[in-house]
Amino acid sequence: MSDWSRATGARLIGDRAPGELAAPRETITGNRGLQIEENLIFEQGSLGRCGIDLADPPLFRARLGGLERQGPIGLPGLSEPQVVRHFTRLSQKNYAIDSGLYPLGSCTMKHNPRLNEKLARLPGFADIHPLQPVSTVPGALVLIDTLAHWLKTLTGMPAIALSPGAGAHGELCGIMSIRAALEARGERRRSRVLVPESAHGTNPATAAACGYNVDSVSGNLQGRVDIEALRAKLDTDVAALMLTNPNTCGLFENEILEIAAAVHAAGAFFYCDGANFNAIVGRVRPADLGIDCMHLNLHKTFSTPHGGGGPGSGPVALAASLAPYAPLPWLVHGAHGLELVEHKKGKTQQAIGRLKGFHGQMGMFVRALAYMMSHGADGLRQVAEDAVLNANYLRVRLKSDLSLSFPGPCMHEVLFDDCFLRETGITTLDFAKALIDEGYHPMTMYFPLVVHGALLIEPTETESKASLDHFADVLKALASKARLGDTARFHAAPRWTPRRRLDETAAARKPVLRWHPEPIEQQAEQ
Ligand SMILES: *Cc1c(COP(=O)(O)O)cnc(C)c1O
């Protein structure tokens with residue numbers, strides 16, 4: 001076992017002598033061209049080496065009452081170039097939207113315009129501190145209020161809670177608001193939340209975290225909610241329906257008005273998971289669909305970086321019936337201009353409290369507003385139209401090579417299943433791994449759960465026709481190789497990545513997240 005594998009608990013294909021670097025032996029160094037093999041930063045470091053001159057600390061008197069650390073903490077000692085090279089090399093092993101098409105369904109991995117970044121770095125936004133007196137940051141309040149205004153305009157909803165830090169956090173905010181509204185109506189007995197079986201896992205998780213029983217609603221053959229199955233479950237003990245629209249099969253729930261009416265007739269609330277807002281932004285106002293509450297993912301629809309690239313932001317649009325329960329802080333138009341209300345008093349008496357320290361992800365607010373303002377109303381509408389057009393272009397180009405799960409046009413993402421791989425001995429996972437060898441980040445796999453071996457492709461509006469054509473050609477060629485029985489290629493994939501195939505179950509169940517100098521037997525790489 002090499003130092004590398006000892007340190008990470010991972011093992012590579014092929015035999016290696018002790019101490020040998022963890023790479024195939026075709027080159028002297030183990031490097032493959034510009035792909036450099038190297039040991040962990042802890043293994044490279046040596047005690048006592050340092051990148052900077054640190055003066056000895058002045059004499060001090062310990063005030064920790066004997067709780068001081070007794071030994072060294074084992075940080076690696078490294079020079080500055082060692083650190084820079086190490087992290088630059090790591091960054092080059094990464095895949096990002098800045099390096100290529102990223103068709104990860106449901107995640108809306110669109111290009112993040114650099115204009116957003118430029119504005120977020122303006123010192124007036126970047127250098128303010130959340131604990132600064134509010135009177136010193138009126139511009140930040142105006143920005144937050146302007147963002148809220150446009151989000152309210154786009155959703156048609158009267159209130160927006162900006163503090164949630166991601167989509168799932170927004171769901172928590174929404175369901176907590178619904179629970180507070182029900183309690184205020186004296187309806188604590190409502191104990192069920194209905195969730196379609198195609199839902200993102202965060203929906204049932206949120207409902208359960210808020211103390212509700214999750215009741216799954218089946219879908220129909222068109223990939224949408226079965227409205228009769230829904231009606232049969234609607235009762236006086238239902239608190240809410242959590243529906244995603246467009247749904248996770250990439251389809252618009254075209255009976256949504258009937259669904260909303262049925263939910264309201266049962267006295268329940270209608271929560272919409274708005275993660276897929278990119279397909280309808282500027283085209284559909286959620287309030288017109290009868291939605292009471294919906295989270296938006298600024299890091300999806302409004303192009304703020306995500307997927308290892310930065311914090312998310314999950315504002316929640318609220319109908320008038322839920323607005324009084326919105327979490328603190330509230331930004332209100334008072335007698336002296338904009339005021340930040342941070343405590344329960346007067347109008348905010350029924351607020352569910354605070355969901356997050358400070359006021360939300362300010363950097364994401366700046367980026368999202370920059371995105372909206374640079375696109376304008378017509379530009380945002382075109383975002384939705386082009387996202388849907390691109391997904392349908394791929395749908396039509398691929399429908400005879402891969403197997404479409406549901407008939408008819410899709411919204412901003414297209415869902416295939418593994419029927420086209422039947423009898424080939426190749427799984428969705430193998431197919432996705434082979435796509436990595438071709439230089440693409442795979443599509444979302446095995447989600448949604450309603451079809452077998454799902455492949456969910458979301459190209460987003462920021463891919464050109466040439467880029468889509470290249471991607472489609474690669475998928476077609478891979479599908480043809482699968483049909484012709486080139487199984488070995490798929491089972492061996494990925495072959496050209498810095499690390500080969502991992503035992504993902506072991507990696508998830510027994511993650512080795514800390515460097516450990518001792519040999520570790522849990523091994524993730526096969
Ligand atoms: C991304 C997503 C979420 C969760 O959003 P996060 O920001 O990742 O917490 C919820 N539902 C759907 C359909 C999503 O695509």
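A residue is called buried here when its relative accessible area is under 20%, exposed when that value is over 50%, and partly exposed in between. By that cut-off serine 467, with a relative accessible area of 18%, counts as buried in this predicted model. Serine 467 belongs to helix α13, which spans residues 465-483, and, leaving aside residues up to four places away in sequence, serine 467 touches Leu101 and Tyr440.

**Helix α8 and its surroundings**

Helix α8 covers residues 202-209, and within this helix Asn203, Thr206 and Ala207 are buried. Viewed down the axis of α8, these buried residues fall within an arc of 95°, so they line one face of the helix. The packing partners of the buried residues of α8 are helix α7 (167-184) together with the strands β2 (192-196), β3 (213-217), β4 (238-244) and β5 (269-273). After α8 comes glycine 211, which has a positive phi, near 90°.

**Backbone features in loops**

Positive phi values also occur in residues other than glycine, namely at threonine 108, where phi is near 45°, and at serine 303, where phi is about 65°. Threonine 108 sits in the loop between α3 and α4 (114-120) and is buried, its relative accessible area being 0%. Serine 303 sits in the loop that runs between β6 (293-295) and β7 (316-318), and serine 303 is likewise buried, with a relative accessible area of 1%.

| Residues joined by the cis peptide bond | Omega |
|---|---|
| Asparagine 245 and proline 246 | about -10° |
| Alanine 493 and proline 494 | about 0° |

Proline 246 is placed in the loop between β4 and α10, the latter comprising residues 256-265. Proline 494, in turn, is found in the loop between α14 (487-492) and α15 (504-509).

**Cysteines**

How many disulfides does the structure hold? The structure holds zero, where a disulfide would require a pair of cysteine sulfur atoms within 2.5 Å. For cysteine 272 the closest cysteine sulfur is that of cysteine 293, and because the two sulfurs are 9.4 Å apart, they are too far from each other for a bond. Is cysteine 272 buried or exposed? Cysteine 272 has a relative accessible area of 1% and is therefore buried, whereas cysteine 50, at 44% relative accessibility, counts as partly exposed.

Which residues make the nonpolar surface patch of about 240 Å²? The patch is made by Val83, Phe87 and Leu90. Phenylalanine 87 is part of helix α3, which covers residues 80-92, and because its relative accessibility is 46%, phenylalanine 87 counts as partly exposed.

How values were computed
Residues are numbered from 1 along each chain as its sequence is written. This is a predicted model: local features need pLDDT of at least 70, side-chain atom pairs count only at pLDDT 80 or more; totals for chains, interfaces and linings use all residues. Side-chain values use heavy atoms; hydrogens and water are left out. Buried means under 20% relative accessible area, exposed over 50%, partly exposed in between (1.4 Å probe, protein chains only). Patches are made of residues with over 30% relative accessible area and no salt bridge: like charges are joined within 9 Å, nonpolar side chains (Val, Leu, Ile, Met, Phe, Trp, Tyr) within 5 Å. Accessible areas come from the Shrake-Rupley method with a 1.4 Å probe; for residues, only the protein chains shown count as cover. A salt bridge is a side-chain nitrogen of Lys or Arg within 4 Å of a carboxyl oxygen of Asp or Glu. Helices (H or I, at least four residues) and strands (E, at least two) are DSSP runs, numbered from the N terminus. The arc is that of the directions from the helix axis to the C-beta atoms. Contact means heavy atoms within 4.5 Å.
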